[in-house]
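Please look at the sequence and the structure before reading on.

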Amino acid sequence: MYKGGCGRTVVEEFVGRTLAEYEDAPWPVRANLARQLIEMAQILTENSLNFALYLTDVNTHNFAVNEDQKIVLVDAENIIVVDRLQVRKEKPHGWSKPYTNDVIGCLDCLSFSPEDLCAHDLADHNYYAICAGILAPDAYYSSRYGFLHSIPPHIDLKTELSYLIKECAHPTSQFNRFLIVPKLVKALKFAEKVAL
C-alpha cells in the first residue's frame, strides 16, 4: 500500500501476524521464534559489513511472523547505525572495550545512550533489548511473563534456559551478554528439538 505525498512516502506490506499474537503459542513455536530474535540481534550487532544496527524500539508489535514462520522486523524507523570502521579509525576514548548496557535511566523501559553506542566498536545493546524487552520473565514489552514463559521443566533442567534468559536480561558480574547469547541460542535449538 502506498501512502504519502509532498516528499514523504510510506510503503506498507502485510507480512504476517505480529509477534504479540504468538505469546500464547505452543512452547516449540515460541522457542523457535525466540531463537530467531536472538540470531537477528547477533546479525545486526556483528556482521561482515562492519555496520552495527542497534534497535531502539523493540516490542512484540514491531516484529511479525511470515507464512514460513520466520521473524520479520516490520518497524525499522528507530535504529542507530554505527559505522564500526569509522569508530576504529577515530578511536574515541574506550572505543575498543565492548559497551555493556547497564540499564541506565529506567528499569521498566528500553534505555540506552546513543553517544555510548556510537563511540564503541561493539555493544551488547541488541541482546539487552531482546532479552530484557521481550524474552525475560520481567520483560517490559510482554503482556505475559515474558515471551518464553512456561518453559517445560525437563527442558529447563537440561538447558538452564530460565537462568540464561535472566543472565541475558540482567547479567551478573560473573557473565556478560556476549558469553551468554551463544549459550542461549544453543539452549533454544535444543529446546526446539526436544519439544517436537
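Is Cys131 buried or exposed?

The structure discussed here is a predicted model. Cys131 has a relative accessibility of 0%, and therefore counts as buried. The cut-off for this class is a relative accessible area under 20%. Cys168 also counts as buried, because its relative accessibility is 0%. Cys118, in contrast, has a relative accessible area of 38% and is partly exposed.

## The disulfide

Cys131 and Cys168 are joined by a disulfide, with a distance of 2.0 Å from S to S. A search of the whole structure finds one disulfide. The pair connects distant parts of the chain: Cys131 lies in helix α4 and Cys168 in helix α6, 37 residues apart. The link of Cys131 and Cys168 is right-handed, with 80 degrees about the S-S bond.

## The packing of α4 against α6

Two packed helices are described by the angle between their axes and by the distance between the axes. For helix α4 (residues 125-135) and helix α6 (residues 161-169), the axes come within 8 Å and cross at roughly 120 degrees. This angle makes α4 oblique to α6, since angles from 65 to 115 degrees count as roughly perpendicular and those over 145 as roughly antiparallel. The crossing in which α4 passes α6 is left-handed.

Which residues make the contact between α4 and α6? From α4 come Tyr127, Tyr128, Cys131, Ala132 and Leu135, and from α6 come Ile165, Cys168 and Ala169. The residues of this contact divide into eight nonpolar, no polar and no charged.

How many of the residues of α4 are buried? The number is 11 of the 11 residues, so α4 is largely enclosed by the rest of the structure. The buried residues of α4 include His125, Asn126, Gly133 and Ile134.

What is Glu192 in contact with, leaving aside its neighbours within four places in sequence? Its contacts are Pro28, Ala31, Asn32 and Arg35.

Note on methods. Residues numbered from 1 in each chain as written. Predicted model: local features only at pLDDT ≥ 70, side-chain atom pairs only at ≥ 80, totals over all residues. Heavy atoms only, no water. Axes fitted to C-alpha atoms, helices over the stretch in contact; angles between N-to-C directions. Helix = DSSP H or I, 4+ residues; strand = E, 2+ residues; numbered from the N terminus. Parallel < 35°, antiparallel > 145°, perpendicular 65-115°, else oblique. Left-handed = near helix turned anticlockwise from the far one by under 90°. Contact = heavy atoms within 4.5 Å. Nonpolar A, V, L, I, M, F, W, Y, C, P; charged D, E, K, R; others polar. Disulfide = S-S within 2.5 Å. Buried < 20%, exposed > 50% of the residue type's maximum accessible area, 1.4 Å probe, protein only.
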